[in-house]
Amino acid sequence: MTKQVIESTKPTPKSSSPSRKSKQSHHDSSSTNSDNFIIPSTASTASFYKGSWKSSNSSRTSLSGLRDSILPEQSHIYDFQEIRTATHNFLLKPHSSSSTSTAWRCSVRDQAAIIFQRKFRRQMDTTQLVDRLSVICKSHHSSLVKLKGASISDSYIYLVYECVSGASLADCLRNAKNPNFTVLSNWMSRIRIASDIAHGLDYVHNSTGLGFEFVHNHIKSSSIIVVEPALNAKICHFGTSELCGEIMRDSVNGKDIKRSDSKLMKFEGTRGYMAPEFQRSGIATQKCDVYAFGVVILELLSGMEALKYRIDEESGSYVRISVVEVAREAVGGGGGGIRGWVDKRLRDSYPVEVVENLARLALDCVVDDPENRPDMGRVLIWISQMFLESQNWSEKMGVVADFTVSLAPR
């Protein structure tokens with residue numbers, strides 16, 4: 001199995017013919033990924049130069065200039081040449097690629113890494129960008145894939161993350177080659193993953209020390225890596241939304257900031273994980289993360305996709321199936337109840353009360369009104385209690401709680 005990677009764009013060549021530039025520009029301003037909503041941006045290509053963003057056709061620049069001149073101690077700032085070398089001048093076969101980012105699995109400074117290329121969503125102040133990069137790179141949590149550093153060239157940022165071996169949660173739950181198989185066939189493996197995600201997201205929201213509400217904005221089952229041997233979970237793309245300019249705020253550290261013109265903004269989200277208020281405004285908040293977390297927990301319990309469509313045989317039209325809507329019906333007593341909704345591959349071997357409570361907690365996270373959603377601090381407390389109850393259940397039932405498995409293809 002391979003990790004699922006968030007949306008991607010093709011790397012910008014160092015030099016190109018006029019016709020090729022035109023083609024690249026057209027690609028950047030269009031939406032080609034059916035899993036994402038993208039609002040086209042009319043903003044011109046920006047370049048990073050002397051502390052500010054400005055429109056220009058000048059040659060490539062990068063964060064290395066800042067490192068050499070005013071930040072010699074910032075080891076997390078990579079020279080753009082290091083990125084070119086690691087990716088064989090971007091000719092290395094991508095680890096993953098889609099419409100808004102590209103990822104390469106390679107070696108940087110003699111260490112295995114994953115490099116993500118992403119396009120900036122809006123103009124950002126240089127000092128603000130460097131400060132955020134510094135704090136994010138210094139942050140550490142066992143449930144987060146660590147950001148090692150970044151480099152900038154033209155309107156792209158290259159994010160260097162540690163290389164983590166494993167499979168995405170989406171692949172673990174839904175094996176296309178063998179739908180009846182899952183490595184997560186044990187209840188303790190699933191509650192452990194729920195606990196890991198809750199710990200990681202709580203850290204993102206409450207412990208990064210950035211001086212404002214930090215938003216992840218990329219929580220989904222394909223962005224969570226399940227790692228061997230104990231099937232722990234790690235959240236990918238920590239810091240991506242902040243460093244790419246996806247997050248809009250009215251103030252930072254108490255100072256008012258000018259909001260970007262929405263016509264120049266480009267925002268995205270994945271269908272099935274977007275909170276209703278995000279779909280309306282395109283503005284991500286911590287409560288949007290809570291909503292996406294709730295969807296992931298419902299996936300974890302049921303094995304279902306967040307959102308899918310099937311063809312109705314009678315009408316020939318598409319029928320929308322949402323894990324949130326199905327879960328609401330099950331918890332409400334319809335559709336066979338919770339037992340009929342929980343993933344059959346668990347073989348009814350789970351603490352029923354814990355599962356019911358976790359399902360209700362997940363549904364609390366996906367209520368339409370963000371003010372009525374719990375924050376991750378409260379969610380973590382409840383899930384930690386459920387984890388302890390699950391351990392007690394496991395001991396009483398004689399279920400193996402600690403085990404080693406292989407994520408190799410079957």
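This note goes through strand pairing and helix packing in a predicted model.

1. Strands of a sheet pair through backbone hydrogen bonds, and the pairing may be parallel or antiparallel. For β8 the model shows antiparallel pairing with strand β6 (residues 111–119) and also with strand β7 (residues 147–153).

2. The pairing of β6 with β8 is made through seven bridges.

3. A separate heading is needed for the open sheet of three strands, which has the order β9-β10-β11 and antiparallel pairing. The edges are taken by β9 (167–168) and β11 (232–235), and because each of them has a single partner strand, one side of each is left without a neighbour in the sheet. Between β9 and strand β10 (residues 224–227), which run antiparallel, there are two bridges, and A167 has V226 of β10 as its bridge partner. Helix α6, formed by residues 187–206, packs on this sheet and touches both β10 and β11, while its direction makes about 30 degrees with that of β11.

4. The remaining point concerns two helices. Two packed helices are described by the angle between their axes and by the distance between those axes. For helix α9 (residues 286–302) and helix α10 (residues 323–331), the axes come within 10 Å and cross at roughly 65 degrees. Angles from 65 to 115 degrees count as roughly perpendicular, which means that α9 is described as roughly perpendicular to α10. The crossing in which α9 passes α10 is left-handed.

5. As to the residues involved, α9 contributes Y291, V295, L298, E299 and S302 to this contact, and α10 contributes V323, V324 and A327. By residue class, the contact of α9 with α10 comprises six nonpolar residues, together with one polar and one charged.

Key
Residues numbered from 1 in each chain as written. Predicted model: local features only at pLDDT ≥ 70, side-chain atom pairs only at ≥ 80, totals over all residues. Heavy atoms only, no water. Axes fitted to C-alpha atoms, helices over the stretch in contact; angles between N-to-C directions. Helix = DSSP H or I, 4+ residues; strand = E, 2+ residues; numbered from the N terminus. Parallel < 35°, antiparallel > 145°, perpendicular 65-115°, else oblique. Left-handed = near helix turned anticlockwise from the far one by under 90°. Contact = heavy atoms within 4.5 Å. Nonpolar A, V, L, I, M, F, W, Y, C, P; charged D, E, K, R; others polar. Pairing = 2+ DSSP bridges.
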